[in-house]
Structure formats: structure tokens, C-alpha cells
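Open the structure in your viewer and keep the selection tool handy. We will go from stop to stop, picking out a few pieces and looking at what surrounds them.

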Amino acid sequence: MPVPTIYYIRHGETSWNAEGRLQGVQDIALNERGRAQAAHAGRILADLLARDGRDKTTLPFVASPLLRARATMELVRTELGLPPGDYALDARLREIAYGTWEGSTLAEAQAADPVVYARRLAEKWTVAPEGGESYVDVQARMTEWYRAVPSDTVAIAHGGTARALMVALGFETTASAADLTIEQGAVYVFSAAGLRKYS
């Protein structure tokens, strides 16, 4: 079976991103910079699809159900000249849940929960905050999602899900992916030829 190409975009910036707060599954809207990043990613995607000879009207588009991913998707589709709301949602693409840490900065999480924070620092892929998920959990649902992707697809989701997909597909190790910065306003192309970032 051919390997599907995934055109993957992380949502644009939110006020919590700008403040260094852990968002997890909280619904935080894009800020002005985030909307500009989303539009920029849409223009990059348009160029990539034209380069690859892809018909944008026949590709499936799917997003995380979280507001920041949906808003990014609608701005991307607007840049492509497509109906903004004509895309699917998949809960498996939602961001890693940070449980009791959501809304906190890393410094605040460390002050409130020093033992778990220290454990997670040492084993980021396997340790979860109370009520949250580990990257192992996210990798499992991203693997399940990818195996169900029937054809080349545009996906808009999160930094955590991007890291998990990179590990699931063998492009990164759990150690290298754990602290990898996933750029906003860029397009990551996962394909049989490897992983490339366009920004």
C-alpha cells in the first residue's frame, strides 16, 4: 500500500503560547500573530500543492477539534480559495493533555508539582502530569490516526501531536522529539521520501 503524504500544519500562535502557558486541551483563540501565521502557512501550502501537481479540491482536510486548530484550518483554506468550513475533525489530533498543569507556565508547574516535574524532565516521553497524558499515549493515538488515513491529506493540529507523529513514523527518536520546537506558520511534509519543513 502506498504511503500517504501528510501536509501537516501546527496551529498559529495564541496568547497562551506567547506567555509560555501550557494549553493542552484548553480552547484558546489565535492572537493576531497567530492569524498571520496561519495565512502564511496557507500560502506555503498553496505553493507546495502546485509544485506537487496536487488538486487542492480533491485532497481531504482534517483538523484537531480544538478552536486554535479549527481557526488555523479556516484561514489556510481561505488562502487556498476553498470554502473555509469544508473540512473534517478528528479527536485523535487534539493536543497532549497536561491535566492539572494546564494554564501554568513551566516555572509554575515546577513550583506546584516539583516531584512529577523532575520526573518528567528526566523522562518526558513517558511521564504525565496528574490528569494528563504522556507522549506514549499521544503517540498511540497518532499511530492509530495515521494508519486510518486513506490518502494524501492536509492535517492541522498541534506541536505535541507533530512530535508524536514524527516518532511514530521513525523520523525522530523519543529523546530527540521531546524538546523539538514545532514551528508555527510552517508546513511539515511527511512522505515516503522523508520529513521536510517549509517556512
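Start with helix H5, and find its buried residues: they pack against H4 and against helix H6 (135-148). Keep in mind throughout the tour that this is a predicted model.

**Stop 1**

Select residues 114-122 to highlight H5, then pick out Val116, Tyr117 and Arg120, which are the buried ones to look for here. Why do they sit on the same side of H5? They cover an arc of only 100 degrees around the axis, and this puts them on one and the same side of the helix. Now turn the view to the other side of H5, where Val115, Leu121 and Ala122 are exposed.

**Stop 2: a loop residue, Thr105**

Next, select Thr105, in the loop that runs between strand E3 (88-89) and helix H4 (106-112). Is Thr105 buried or exposed? Its relative accessibility is 17%, and because buried means under 20%, Thr105 counts as buried. Show its surroundings too: setting aside neighbours within four places in sequence, Thr105 is in contact with Glu19, Gly20 and Arg21.

**Stop 3: helix H2 and its ends**

Move on to residues 32-51, which form helix H2. You can check its length yourself: at 1.5 Å a residue, its 20 residues should span 28 Å, and the end C-alpha atoms are 29 Å apart, which agrees.

At the N-terminal end, select Asn31, which caps H2. One of the side-chain oxygens of Asn31 lies 3.2 Å from the backbone nitrogen of Arg33. After H2 comes Gly53, with a positive phi near 65 degrees.

Now colour some of the buried residues of H2, including Gly34, Ala41, Ile44, Leu45 and Leu48. What covers the buried residues of H2? Among the elements to show are strand E1 (6-10), strand E2 (61-63), helix H3 (67-79) and strand E4 (153-157).

**Stop 4: helix H3**

Finish with H3 and repeat the length check: its 13 residues should span 18 Å at 1.5 Å a residue, and its end C-alpha atoms are 18 Å apart, which agrees. Select Arg68, Ala69, Thr72, Met73, Val76 and Arg77, the buried residues of H3. They lie on the same side of H3, because they cover an arc of only 165 degrees around the axis. The cover over these buried residues includes E1, H2, E2 and E4. Just past H3, click on Gly81, which takes a positive phi of about 75 degrees.

Key:
Residues are numbered from 1 along each chain as its sequence is written. This is a predicted model: local features need pLDDT of at least 70, side-chain atom pairs count only at pLDDT 80 or more; totals for chains, interfaces and linings use all residues. Side-chain values use heavy atoms; hydrogens and water are left out. Helices (H or I, at least four residues) and strands (E, at least two) are DSSP runs, numbered from the N terminus. Buried means under 20% relative accessible area, exposed over 50%, partly exposed in between (1.4 Å probe, protein chains only). Contact means heavy atoms within 4.5 Å. The arc is that of the directions from the helix axis to the C-beta atoms. The expected span of a helix is 1.5 Å times one less than its number of residues. A polar contact is a pair of N or O atoms within 3.5 Å; within protein, one must be able to donate a hydrogen and the other to accept it, and residues adjacent in sequence count only if both atoms are side-chain atoms.
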